[in-house]
Amino acid sequence: MAMLTFIASTAHTMGMLTEGGLLYYAVPIAYALAVILYVPLVACGMLRAHLFDIDLRLKRTLKRSTVAAALVAAYFLVSELAAT
């Protein structure tokens, strides 16, 4: 974190972040390219990992977590009632 702060302050004092500086134009372009590349890379990862049925996996996970939460809540309720 300190190194990143040092680099940013150095770039600012050198005028690289002010309008017309090198990083003033390079940072938004790099960000746009990263966003544009993100979607195809995620799609490629899903295809390679065979996650075609990811919606079914998410539904199953939500069902199981709901049942687990209900069991934890019931256990907590019973333990609190037993303590009094």
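**View 1. Tyr38 on helix α2 of the predicted model.** Tyr38 is a residue of helix α2, and in this predicted model the residue is exposed, its relative accessible area of 56% lying above the 50% cut-off. Together with Val39, Val42, Met46, Ile54 and Leu58, Tyr38 makes a nonpolar surface patch of about 540 Å².

View 2. Two helices, α2 (22-48) and α3 (54-83), each contribute at least two residues to the nonpolar patch. The largest share, which amounts to four residues, is drawn from α2. As a general point, an α-helix has 3.6 residues a turn, so residues three or four places apart point the same way.

**View 3. The salt bridge between Asp53 and Arg57.** A search of the whole structure returns one salt bridge, and the pair that forms this contact is Asp53 and Arg57, with the closest N and O atoms 3.5 Å apart. Asp53 is partly exposed, having a relative accessible area of 28%, and Arg57 is likewise partly exposed, with a value of 40%.

**View 4. Helix α3 along its length.** Helix α3 has 30 residues, which at 1.5 Å a residue should span 44 Å, and the computed separation of its end C-alpha atoms, 43 Å, agrees with that expectation. Because the number of buried residues among the 30 of α3 is zero, the helix lies largely in the open. Confidence is highest in α3, where the mean pLDDT is 92.

**View 5. Helix α1 and the confidence of the model.** Confidence in the protein is lowest in helix α1 (residues 2-13), with a mean pLDDT of 60. Averaged over the protein, pLDDT is 80, and 73% of the residues score at least 70. Where pLDDT is low, the predicted coordinates should not be read in detail.

**View 6. The whole chain, for orientation.** The secondary structure of the protein consists of three helices and zero strands, giving the pattern α-α-α when read along the sequence. Of its 84 residues, 2% count as buried, and the protein exposes about 7,500 Å², of which carbon and sulfur atoms supply 77%.

Terms used
Residues are numbered from 1 along each chain as its sequence is written. This is a predicted model: local features need pLDDT of at least 70, side-chain atom pairs count only at pLDDT 80 or more; totals for chains, interfaces and linings use all residues. Side-chain values use heavy atoms; hydrogens and water are left out. Buried means under 20% relative accessible area, exposed over 50%, partly exposed in between (1.4 Å probe, protein chains only). Accessible areas come from the Shrake-Rupley method with a 1.4 Å probe; for residues, only the protein chains shown count as cover. Patches are made of residues with over 30% relative accessible area and no salt bridge: like charges are joined within 9 Å, nonpolar side chains (Val, Leu, Ile, Met, Phe, Trp, Tyr) within 5 Å. A salt bridge is a side-chain nitrogen of Lys or Arg within 4 Å of a carboxyl oxygen of Asp or Glu. The expected span of a helix is 1.5 Å times one less than its number of residues. pLDDT is the predictor's confidence in each residue, from 0 to 100.
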